[in-house]
Amino acid sequence: MRRRGPGLRLRITLLTTALVAVVSAVLLFLGWTLVGRVFDSSPSFPSDTQVTVDGVNVDVTVLTDALTVAARQDLLRAGVIAFACMVVAAAVMAWTFTGRVLKPLHDVTGAARRLSAESLGSRLRLEGPRDEVAELADTFDSMLDRLEAAFDSQRRFVANASHELRTPLSVVRTELDVTLSDPDADVEELRRMAGVVRAAGERAEQLVSALLLLARTDGLGLAVREPVDLSAVVESAWRAVRAEAEARNVRAVFRCAPALAVGDPALLERIAGNLLENAVRHNHVGGWIETVVETGPQWSVLRVSSSGQVIAPDRVEELFEPFRRGGKDRTSQSGTGLGLSIVRAAVAAHGGFAQAVAVPTGGLSVTVHLPAAPR
């Protein structure tokens, strides 16, 4: 383990004390020099001049030299004492005030050490002047807010995913137990059981595939970046859901102009496919779908609007959360509940953004903005 140097508090104290010591030493030297110059610049007397000091005749030159030495010694003695007092006082004051200034940093450090998935609710909420330390504390609190939101979202996601995966497994186990416990089960009963088990297995497979795709788009960058025509992507995605739309008598209108976006062709087709699948499966029998593709100088836009049940405007954003279907939670039986979550994650991986608004007469309109390819 690499050894670390002295702490910030000690370093600031040493630096402050050293600066005070240097300044005091310079002032002491200047005072010592100034005293000598004062005596040197005093009026001169003839060399044979005698002065009487305590009844003793003393040559004026000797007296001047003695006074100079004595003054310098007094100044040096008093200066050394003042120097020591200044250095000690500077060290004590620097240590004390540095400790007070750095206390919020110790609070941040202590909070970080106590941090765990169960204690993300604690905050510093530092009060006082808005200085750099307060800015650091506020940034730390903001980071904790984001971490807490991420952990809560992860917990909900894991809980919902566990429920979704448990449902088809419970269906499989129940069907197997009921059928195997019936000694008179015939071929028709076994075929019925096999059909239910197969449907449950397909649902579990779809859910796992959706979860893997969501993890791929939400956590990793794009493996491929190339110009892709969104009109061709929409056409390919519509072929996969056209039969289901015709079976429900859903009318589809397409207004698709050539629009090049930069990204992964497979993911872009998944974006269009999810939007069209949602538009068909959450639509009324005899409803409508309108798909628009257009391009601009910065963004290529894909908009899929459809009829359906009335959705409150304040609940539209919830549809992008995992396991939300048509404004309801995971009690619905159609789809995996990850369609719009995958759309938003895939669009974000491309550097774009997705928005949705409720259709006043019922239904949803989802607009996707993707970076346009250079012309």
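The chat below goes over a surface patch and some salt bridges in a predicted model.

Biologist: What should I know before I read the values?

Modeller: This is a predicted model, where local features need pLDDT of at least 70, side-chain atom pairs count only at pLDDT 80 or more, and totals for chains, interfaces and linings use all residues. Residues are numbered from 1 along each chain as its sequence is written, and side-chain values use heavy atoms, with hydrogens and water left out.

Biologist: Which residues form the nonpolar patch on the surface?

Modeller: V22, V23, V26, L27, F29, L30, W32, L76 and V80, with about 840 Å² of accessible area together. Accessible areas come from the Shrake-Rupley method with a 1.4 Å probe, and for residues only the protein chains shown count as cover. Patches take residues with over 30% relative accessible area and no salt bridge; nonpolar side chains (Val, Leu, Ile, Met, Phe, Trp, Tyr) are joined within 5 Å, like charges within 9 Å.

Biologist: Which helix gives the most to it?

Modeller: α1, with seven residues. Both α1 (8-40) and α2 (60-114) supply at least two residues each. Helices are DSSP runs (H or I, at least four residues), as are strands (E, at least two), numbered from the N terminus.

Biologist: What does R192 pair with?

Modeller: R192 meets E175 at 2.9 Å, N to O. That pair ties together parts 17 residues apart in sequence, because R192 lies in helix α4 (residues 187-219) and E175 in helix α3 (residues 132-180). R192 also has a salt bridge to E189, again 2.9 Å, N to O. R192 and E189 are both in helix α4, three residues apart, about one turn of the helix.

Biologist: What about R344?

Modeller: R344 forms a salt bridge with E317, with the closest N and O atoms 2.5 Å apart. R344 lies in helix α7 (residues 339-349) and E317 in the loop between β7 (299-306) and α7, so this pair ties together parts 27 residues apart in sequence.

Biologist: Which residues are linked in a network of salt bridges?

Modeller: E244, R270, E277 and R281.

Notes
Salt bridge = Lys/Arg side-chain N within 4 Å of Asp/Glu carboxyl O.
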